[in-house]
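Student: I have a new protein model to read. Can we go through it and test each label against its definition?

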Amino acid sequence: TMISAPPTAQDRKPATVEGAPTPVAKALSQDSDFSSPEDFIDAVFPAAVEVAGELGVDPAVLVAQSALETGWGQHMIPRPKGQPSYNLFGIKADQRWQGDVAKVTTTEYVAGKAVKEVATFRAYGSYEESFRDYLDFVRNQPRYARAVALADQPEGYMTALQEAGYATDPDYADKIARIFHSDTLQRARVEWLARGESPAGDTP
């Protein structure tokens, strides 16, 4: 499963996105040593809650997607000198990106076959910026309109993202779903619900 065998940096299936990120309010520890999935969840859940509220999706979906992209924070895309890129969602940098970048060898699927290539990714100043950029990406690109419309349905949202071309991995949505439904993430989700948070899709 994704819990016991998280993906490496080479396994990430990113997408290109437009739009400059802006930070959200909540602060995360930018130098966290994620020794367990629980550590990763605790660090990113506050920002996930804030962004999820604007998107209308369960924050655990965003945590699951970022866990897949980074191997629970263990395989974050590094900058050239080893500093963290804070890129939680595998968002690539195209010619319109004016900020810092990080390059890494990744796996893309072309005609069903895995192909290695060197890709350029956006680098952020914080995890909050990564969440905010992801929100802008999904909400502002027309091809993700169906995903946004299904935001209150976790698996529908994941499937719509994949069908719209967010990632080239044919199993991308299933991998996110397995993490989302894992005991580890669901326990954390229940704890956040107990604190008074109400993820999209839940009714009082």
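Tutor: Start with the overall make-up. This is a predicted model. The protein chain has seven helices and four strands. From the N terminus, their order is β-α-α-β-β-β-α-α-α-α-α.

Student: What makes a residue of this chain count as buried?

Tutor: Its relative accessible area must be under 20%. Of the 204 residues in the protein chain, 51% are buried.

Student: Which residues of helix α5 are buried?

Tutor: Helix α5 covers residues 154-163, and its buried residues are Y157, M158, A160 and L161.

Student: Why are they said to lie on the same side of α5?

Tutor: Because they cover an arc of only 165 degrees around the axis, they sit on the same side of α5. An α-helix has 3.6 residues a turn, so residues three or four places apart point the same way.

Student: What do the buried residues of α5 pack against?

Tutor: They pack against α1 (37-55), α2 (59-70), α3 (127-140), α4 (145-149) and α6 (172-180). A contact here needs heavy atoms within 4.5 Å. After α5 comes G165, with a positive phi near 95 degrees.

Student: How do you know that β3 and β4 pair?

Tutor: Pairing needs at least two bridges. Strand β3 (residues 101-110) and strand β4 (residues 113-122) are joined by ten bridges, so they count as paired. They run antiparallel. One of the bridges joins V101 to R122 in β4.

Student: What lies between β3 and β4 in the hairpin?

Tutor: Two residues lie between them. In the turn, A111 has a positive phi of about 55 degrees.

How values were computed:
Residues numbered from 1 in each chain as written. Predicted model: local features only at pLDDT ≥ 70, side-chain atom pairs only at ≥ 80, totals over all residues. Heavy atoms only, no water. Buried < 20%, exposed > 50% of the residue type's maximum accessible area, 1.4 Å probe, protein only. Arc of directions from axis to C-beta.
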